[in-house]
Amino acid sequence: MEQPSQDYKLIFEKEGVYLHTNAKRSNQDTTIPGFIRIVERGGLPALEWSPLEDEGRSAPAVLYTKKVGDHLFATQNNDGEGGEEDTKFDPGYEPDWAVISTVKKDREHVPVRDSGQWSFSLPLSELYSLRRARFSLGRNFLVLTSRGGHPLPALHFHRGGTRELLRALQRYIILDQSPVDGRLFLAYPHDSGALSQSFDKLQLLDDGGSDLVSRFIQDPYATTFGGFSKVTNFFKAALKPPDSTIYSRTQDPSLPPQPDEEPGFELITCGVELGPRPDIMRGQPLDKWEEFLDPEGRVQNPERIKELVFRGGIRPSLRKEVWKFLLGFYPWNSTTKEREDILRVKTDEYFRMKVQWKSVSEEQEMRNSLLRGYRSLIERDVSRTDRHNTFFSGNDNPGLTLLHDVLMTYCMYNFDLGYVQGMSDLLSPLLFVTQNEVESFWCLTGFMELVHQNFEESQEAMKQQLLQLSILLKALDPELCDFLDSQDSGSLCFCFRWLLIWFKREFSFEDILVMWEVLWSRLPCDNFHLLIACSILESQRGELIGSDHDFNTILKHINELTMKLDLQSILCGAEAIYLQLIQCKELPVKVQRVLGLYIPSTSEDDSPDSQASETQRLLGQSQAGAASCDSARGPTYP
């Protein structure tokens, strides 16, 4: 065994840290035990993991201090020198008073080798974030992300120890808890100024910043949906890596722009003339259904139905039936008989899942913190979801019971995601329209297939959508983007709630039924909800640019748009934006990607010019449809 380097120093070590490889089809183990360490090499700290099979030595002795009354007692978890041994003390339990004091070495340590399939070493200067979460079996695991944006293999602490590791890391870096996700910690060097500001210095709120943080941690749902703008200003700098290109540029405006930068919100300097924006007239709702069915009940022209739904929505009396097709509960080509069979099978499946949580006793639930947490969140959210609607109003309302039961059953259906605050907003319109427990559940699963990434802990999908929205808005209205940038609002974080629950809080309940069925048509593109956001922002252009708004008043103004927007005008504006963009012959590639138009190819046939010509052909009657505003049909989308 090679000898350790003289400049190698072990700071912290913990055994029983596993990698879960998911190598089920190979001869490898799916869980690999190992050690997690903090070491110094040449004075530079690094976080390292190596498998147990690479070791050949016993576990380290980690020394802790335990406070009893006003006295501190030294405790070590292995037999060794020093301190008072307390065999009942288990650092894996992670008590609040367990503080790492020092690490005793009872053997020679070998630095982690660069070879090996699973070993890794990450300099702490390259650590960007650390997510601490709990697996369904109650074990903690950590997911580390480097400043390059690359996640490392998740570290599963089968014997506890995550809290001790975090304390040891804070010797070298600041681990600041994200305000958006309490289990995410952002890493900064100790001399970083990104977190030096306080709410008191910023003077954002009249009611005190510290109280806002407390409310945000205790109730992110109410704080986010009720006043998300209030927290955005303070945390936006903290959410960026301190050494990212965007962060550096704010410190030095003379730096040239980097065309390929990814971490921030890119500004497109295309300077492309988009041409005139066509006029759009909305059509009439889909009001006939039977004529689209053949004698066996198959839908004969689903694309035409989607086009009609996109153009004008659905007559309320038909929603209960059509929504089940739009959300994938029934296949478009299914017969009446097949749908009866599907309903019977899905009903059985639903109640099997419902029985799973209904049969859990109180004693069992006391030992299942995850299920207990889901139930607590659901009960709290159900009590405040759409209570103005008669279907959910009043006490002991059966609609509230259905809302609760469907959400609890969804936790059984998708236990990895479980329940996340905001999902009750998605379910309530489905339950209102179907007025059926089973059908609303399966419609919810179809809806969640479209938006489940919005609710994932990483929030990567939300960040990506805000980036895509920024790309679209810059192409459409550079002046508005420049104004928002000048007021530190270019990140468009105030649109977070719009995208998270698809504008549920911005429009009336009846308007949301129309908007969602339009979006479920998936016409004219999958990201039409981003074009709706652009349409809303452009509708407020004069109010924003023509006034003395600053960052806080912009956020306040956007929040106060709730229930004041005209849905039909916004939808017309969004469709007009789409037509204007796709008719541009020199549309930037990044915009094409957002709209789903870009097909990577080196051939001349797939050049942007030829793609624009193809979209013109697919549009067919776009200009004619815009000219004859009384036409209900309008452009035909592929």
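Me: Which elements of the chain have the lowest and the highest mean pLDDT?
Reply: In this predicted model, strand β6 (residues 99-104) has the lowest mean pLDDT among the elements of the chain, at 30, whereas helix α18 (residues 509-520) has the highest, at 98.

Me: And what is the mean pLDDT of the chain?
Reply: The mean pLDDT of the chain is 75, and 67% of its residues reach 70 or more. Over residues 225-270 the pLDDT is below 50, although this stretch has 94 contacts in the model beyond near neighbours in sequence. Residues 23-29 also stay under 50, and for them the model has six contacts beyond four places in sequence. Where pLDDT is low, the predicted coordinates should not be read in detail.

Me: OK, how many helices and strands does the chain have?
Reply: There are 25 helices and twelve strands in the chain. Of its 638 residues, 52% count as buried, and the accessible surface comes to about 30,800 Å², of which 49% belongs to carbon and sulfur atoms. Among the contacts in the chain with a separation of 6 or more, 66% are between residues 24 or more positions apart.

Me: Which residues have the most contacts inside the largest nonpolar core?
Reply: That core has 122 residues, and those with the most contacts inside it are Trp289, Phe528, Leu531, Ile532, Leu581 and Leu595. Helix α22 (residues 567-582) gives the most to this core, with eleven residues. The core draws at least three residues from each of domain 2 (193-206 + 273-314 + 458-598) and domain 3 (335-455).

Me: What does Leu531 touch, leaving out residues up to four places away in sequence?
Reply: With those neighbours left out, Leu531 touches Leu472, Cys525, Ala574, Ile577, Tyr578, Leu581 and Leu595. Apart from the core of 122 residues lies another core, of 27 residues, which has Phe12, Leu19, Leu127 and Leu155 among its members.

Me: What does the Lys354 side chain make a polar contact with?
Reply: The side chains of Lys354 and Asp405 are joined by a polar contact of 3.2 Å. Not counting residues up to four places away in sequence, Lys354 touches Asp405, Thr409 and Glu437. As for Tyr413, which is 59 residues from Lys354 along the chain, the C-alpha atoms of the two are separated by 9.2 Å.

Me: Where does Asp477 lie?
Reply: Asp477 lies in the loop between α15 (460-476) and α16 (478-486), and at 6% relative accessibility this residue counts as buried. A polar atom of the Asp477 side chain lies 3.0 Å from the backbone nitrogen of Leu480. Beyond residues up to four places away in sequence, Asp477 touches Glu538 and Arg541.

Me: Now the loop between α14 and α15: where is Asn454, and what does its side chain lie 3.0 Å from?
Reply: Asn454 is in the loop between α14 (437-451) and α15, and a polar atom of its side chain lies 3.0 Å from the backbone oxygen of Leu499. At 4% relative accessibility, Asn454 counts as buried. Residues that Asn454 touches, not counting those up to four places away in sequence, are Gln459, Ala461, Met462, Gln465, Leu499 and Leu500.

Me: What is phi of Gln459?
Reply: Phi of Gln459 is near 60°, a positive value in a residue other than glycine. Gln459 is found in the loop between α14 and α15, and at 14% relative accessibility it counts as buried. Most residues other than glycine have a negative phi, and most peptide bonds are trans.

Me: Which residues does a cis peptide bond join?
Reply: A cis peptide bond joins Leu523 and Pro524, with omega about -10°, and Pro524 is found in the loop between α18 and α19 (528-539). Arg522 is in the loop between α18 and α19 as well, and its phi is near 60°. At 27% relative accessibility, Arg522 counts as partly exposed.

Key:
Residues are numbered from 1 along each chain as its sequence is written. This is a predicted model: local features need pLDDT of at least 70, side-chain atom pairs count only at pLDDT 80 or more; totals for chains, interfaces and linings use all residues. Side-chain values use heavy atoms; hydrogens and water are left out. Helices (H or I, at least four residues) and strands (E, at least two) are DSSP runs, numbered from the N terminus. Buried means under 20% relative accessible area, exposed over 50%, partly exposed in between (1.4 Å probe, protein chains only). Contact means heavy atoms within 4.5 Å. Accessible areas come from the Shrake-Rupley method with a 1.4 Å probe; for residues, only the protein chains shown count as cover. A polar contact is a pair of N or O atoms within 3.5 Å; within protein, one must be able to donate a hydrogen and the other to accept it, and residues adjacent in sequence count only if both atoms are side-chain atoms. A nonpolar core is a set of buried Ala, Val, Leu, Ile, Met, Phe, Trp, Tyr and Cys residues joined through side-chain atoms within 4.5 Å. Domain bounds come from an automatic or database domain assignment. pLDDT is the predictor's confidence in each residue, from 0 to 100.
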